[in-house]
Amino acid sequence: MQEKKSIHGSWASRWVFILAATGSAVGLGNIWKFPYITGENGGGAFVLVYLLCIALVGIPIMIAEVFVGRRARQSPINALVDLAEESGKSTKWSLIGVMGLLAGVLIFSFYSVVAGWVLQYIVSTANGSLNGVTSEQAGEIFSGLLADPGTLLLWHTIFTIMVVGVVIGGVNAGLERATRIMMPALFVLLFVMLGYGMSTDSFGAGWSFMFDFDFSKLSWDAVLVAVGHSFFTLSLGMGTIMAYGSYMPKRASIGSTVLAIGFLDTLVALVAGLVIFPIIFANGMDPAAGPGLMFISLPVAFGQMAGGQFFGTLFFVLIGVAAWTSAISLLEPTVAYLVERVGMKRSTATIALGVVVWAIGILCLGSFNFMSDVTLFGKNVFDFLDYITANIMLPLGGIFIALFAGWAVKKKHASDEINLKSEGLFNLWLFVVKFIAPVAVGVVFILNL
Ligand code: PHE
């Protein structure tokens with residue numbers, strides 16, 4: 001097959017692809033969500049299941065997504081159609097892509113609300129209003145924010161505009177520039193914070209909480225949350241990585257690139273946990289405090305440490321940037337699709353989509369105040385969207401992408417494109433996407449019903 005090019009542009013090098021995909025993967029999922037769900041699900045055993053999912057399911061499926069995207073050089077739905085036709089299979093496989101676009105829209109709407117909390121915390125840390133807060137005060141400040149729809153709406157709106165602005169700029173101008181400097185800075189600061197955590201007396205307690213496993217604390221629901229989170233944190237199952245893969249240079253090796261992304265993403269999550277849990281234990285706070293965990297623990301630590309106002313502000317800025325680069329990638333597949341399929345201008349498509357996700361986001365932020373009594377299946381809108389996207393839609397999308405890559409695409413097409421070092425390694429990958437990943441996720445689904 002003659003080499004194709006994406007009409008949306010392409011990354012300057014393999015290195016830029018790694019940065020962009022890591023920018024997508026590393027986000028609120030790592031720093032906000034991973035610690036709080038680990039806290040809610042009892043710690044070590046949950047972390048172990050999560051790590052197994054990353055290695056056994058996440059990495060192989062990420063390889064599948066990158067390869068499908070790169071071979072077809074189109075947005076996810078069209079990529080699936082293209083490769084299905086190339087192998088003489090039904091184009092119905094592209095329905096996976098449709099579900100993916102929907103998942104991206106729904107995730108964005110609550111993601112942007114949480115990113116808005118981060119923006120508020122940048123301001124509150126910078127202006128000194130969090131200086132020296134106790135753990136009770138930190139809790140009250142966070143509850144106060146949730147109770148104030150006007151402020152939540154303001155930040156949600158600002159964040160949506162920030163994301164739309166970058167996505168309009170497109171692959172090279174927008175996405176690439178945003179990731180280049182900010183990602184490395186986040187890594188550095190995270191390790192500075194880890195150093196602070198290690199200097200406290202509770203580092204050991206935080207470490208044991210995360211790495212001593214007690215399987216009696218693990219429910220099937222917790223296993224599903226771990227499975228779902230492994231997709232969420234790696235941006236899998238909805239076409240983000242497929243879209244980014246379609247901009248990847250041909251010569252870059254898929255296997256080692258994906259390993260690097262998976263490694264960096266996992267590292268950030270584990271370090272974030274090792275930063276947050278020592279603070280929690282040192283101050284007698286509850287690890288199962290839920291979505292507010294990061295927002296009530298970090299201010300207390302910054303309030304106590306030397307230079308805390310400065311480091312705190314910087315840290316929240318970098319978390320905001322991590323959220324930004326992830327949110328960009330939530331919109332990109334749908335924007336690329338609208339441009340390809342409907343022939344919309346990139347700017348029109350992005351703004352139209354921005355308005356839709358912004359509006360749904362209002363329902364999410366209302367979950368904490370004016371709509372707190374509206375529930376779907378016993379959950380408020382915010383929790384409901386988080387639950388169905390991360391725990392159902394992404395794993396389902398992921399399984400079908402695995403099945404597509406393993407069963408529908410001709411073996412030769414896959415092996416040409418992925419081009420792993422050895423044939424044995426390729427066969428191992430194929431076995432995992434054909435059998436292990438779908439069966440493992442399927443079993444967890446069934447046990448949860
Ligand atoms: N991986 C991102 C995070 O951890 C969230 C995300 C999910 C982004 C799916 C894109 C697609 O924050």
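This note sets out numbered remarks on the fold, aromatic contacts, surface and salt bridges of a predicted model.

1. Overall architecture. The protein chain contains 17 helices and two strands. Along the principal axes, its C-alpha trace spans about 65 × 50 × 40 Å. Of the 449 residues, 61% are buried.

2. Aromatic pairs in general. How many aromatic pairs does a search of the whole structure find? The search returns 31. One of them is formed by tryptophan 32 and tryptophan 117, in an edge-to-face arrangement with 6.5 Å from centre to centre and 85° between the planes. Tryptophan 32 belongs to helix H2 (residues 28–40) and tryptophan 117 to helix H5 (residues 95–126), so this pair ties together parts that are 85 residues apart in sequence. Tryptophan 32 counts as buried, at 1% relative accessibility. Tryptophan 117 is buried as well, its relative accessible area being 1%.

3. Tryptophan 407 and phenylalanine 435 form an edge-to-face pair with a centre-to-centre distance of 5.5 Å and an angle of 85° between the planes. Tryptophan 407 is placed in helix H15 (residues 381–408) and phenylalanine 435 in helix H17 (residues 423–448); the pair therefore ties together parts that are 28 residues apart in sequence.

4. The aromatic cluster. Ring pairs also link residues into a cluster, whose members are Trp32, Tyr36, Phe110, Trp117, Tyr121, Phe142, Phe295, Phe302, Phe315, Phe316, Phe368 and Phe382. Both partners of the tryptophan pair described in point 2, Trp32 and Trp117, are among them.

5. A nonpolar surface patch. Which residues form the nonpolar patch on the surface? The patch is made up of Trp220, Val439, Val443 and Leu447, which together have about 370 Å² of accessible area. Helix H17 supplies the largest share, three residues. Tryptophan 220 is found in helix H9 (residues 220–233). With a relative accessible area of 46%, tryptophan 220 is partly exposed; a residue needs over 30% to be included in a patch.

6. Salt bridges and arginine 71. The search of the whole structure finds seven salt bridges. In one of them, arginine 71 is joined to glutamate 86, with the closest N and O atoms 2.8 Å apart. Arginine 71 lies in helix H3 (residues 44–72) and glutamate 86 in helix H4 (residues 76–86), so the contact ties together parts that are 15 residues apart in sequence. Arginine 71 is buried, with a relative accessible area of 8%, whereas glutamate 86 counts as partly exposed at 25% relative accessibility.

7. The link to glutamate 417. Arginine 71 also forms a salt bridge with glutamate 417, where the closest N and O atoms are 3.4 Å apart. Why does this pair tie together parts that are 346 residues apart in sequence? The reason is that arginine 71 lies in helix H3 and glutamate 417 in helix H16 (residues 411–418). Glutamate 417 is buried, with a relative accessible area of 3%.

8. Lysine 250 lies in the loop between helix H10 (240–245) and helix H11 (254–282), while glutamate 417 lies in helix H16, so the pair ties together parts that are 167 residues apart in sequence. Lysine 250 is partly exposed, with a relative accessible area of 34%. Through shared partners, salt bridges join Arg70, Arg71, Glu86, Lys250 and Glu417 into one network.

Terms used:
Residues numbered from 1 in each chain as written. Predicted model: local features only at pLDDT ≥ 70, side-chain atom pairs only at ≥ 80, totals over all residues. Heavy atoms only, no water. Phe/Tyr/Trp six-rings, centres within 6.5 Å; stacked < 30°, edge-to-face > 60°. Helix = DSSP H or I, 4+ residues; strand = E, 2+ residues; numbered from the N terminus. Buried < 20%, exposed > 50% of the residue type's maximum accessible area, 1.4 Å probe, protein only. Patch = residues over 30% accessible without salt bridge, like charges linked within 9 Å, V, L, I, M, F, W, Y side chains within 5 Å. Areas by Shrake-Rupley, 256 points an atom, 1.4 Å probe, with all protein chains shown as cover. Salt bridge = Lys/Arg side-chain N within 4 Å of Asp/Glu carboxyl O.
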